[in-house]
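This report describes the fold and the side-chain pairings of one model.

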Amino acid sequence: MKRDRCHGFRYSRAVVGFGGTPSLWWMRFLKKGFYHCVVALGSGRQWLLIDPLLHYTDAIMIDDGDAERFLRKQGYRTLRVRITEPRRRFRLRPYTCVETAKRFLGLEAPHVWTPYQLFRFLIKNRKIILDNDPKVC
């Protein structure tokens, strides 16, 4: 009996949204406007929005074709990012929105812990930013 193989694809582009509101007391120590991050994976018309929350991870399909516009309407600052090939290293880290975003983007950045640090890391590593000027976002 021949086994059927599942043929799929990996997304090569993502939109990372930074924003949110401080819903927990310890979040007041984070940089204002960078309390949370989300990742939208996709291409063309459909995008999958991954929203890692404290008690669960939400996944939402965006059908309007513009994940950036959708996230900006929600109050997020956005960056378009190229997804890189992840290295095969396992590091035990806390489950946070930043760690989830790094894993979806294929980033190895053990020193990045907060949404603002992730934002700065993405801007500094311009090879993965798809925008010409990320400050426009």
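## Sheet and helices

Five strands form an open sheet in the order β4-β3-β2-β1-β5, with antiparallel pairing. Its edge strands are β4 (57-62) and β5 (77-82), each pairing on one side only. On average, neighbouring strands are turned by 20 degrees against each other, direction ignored. The model is predicted: local features need pLDDT of at least 70 and side-chain atom pairs pLDDT 80 or more, while totals for chains, interfaces and linings use all residues. Residues are numbered from 1 along each chain as its sequence is written, and side-chain values use heavy atoms, leaving out hydrogens and water.

Strands pair if DSSP finds at least two bridges between them. β1 and β2 pair in the antiparallel sense over six bridges. Val-15 stands opposite Ala-40 in β2.

Helix α2 (residues 97-105) lies across β1, β2, β3 (46-52) and β5, at about 25 degrees to β2. Axes are lines fitted to C-alpha atoms, for helices over the stretch in contact (heavy atoms within 4.5 Å). Angles run from 0 to 180 degrees between N-to-C directions.

Helix α3 (residues 115-124) has buried residues, including Phe-119 and Leu-122. Their cover includes β1, β2, β5 and α2. Buried means under 20% relative accessible area, exposed over 50%, partly exposed in between (1.4 Å probe, protein chains only). Phe-119 counts as buried because its relative accessibility is 7%. Not counting residues up to four places away in sequence, Phe-119 touches Phe-18, Phe-34, Arg-77 and Leu-79. The C-alpha atoms of Phe-119 and Arg-77 are 9.7 Å apart, although 42 residues separate the two along the chain.

## Salt bridges

A salt bridge is a side-chain nitrogen of Lys or Arg within 4 Å of a carboxyl oxygen of Asp or Glu. The count comes to five, among them these:

| Pair | N to O distance |
|---|---|
| Glu-68 and Arg-72 | 3.3 Å |
| Glu-68 and Arg-80 | 3.3 Å |
| Glu-99 and Lys-102 | 3.2 Å |

Both Glu-99 and Lys-102 are buried. Shared partners join Glu-68, Arg-72 and Arg-80 into one network of salt bridges. Glu-68 and Arg-72 both lie in helix α1 (residues 67-73), four residues apart. Glu-68 is buried at 13% relative accessibility, whereas Arg-72 is partly exposed at 41%.

## Surface

Which side of the cut-offs does Trp-26 fall on? Trp-26 is partly exposed, with a relative accessible area of 42%. Trp-26 sits in the loop between β1 (13-19) and β2 (36-43).

Key:
Helix = DSSP H or I, 4+ residues; strand = E, 2+ residues; numbered from the N terminus.
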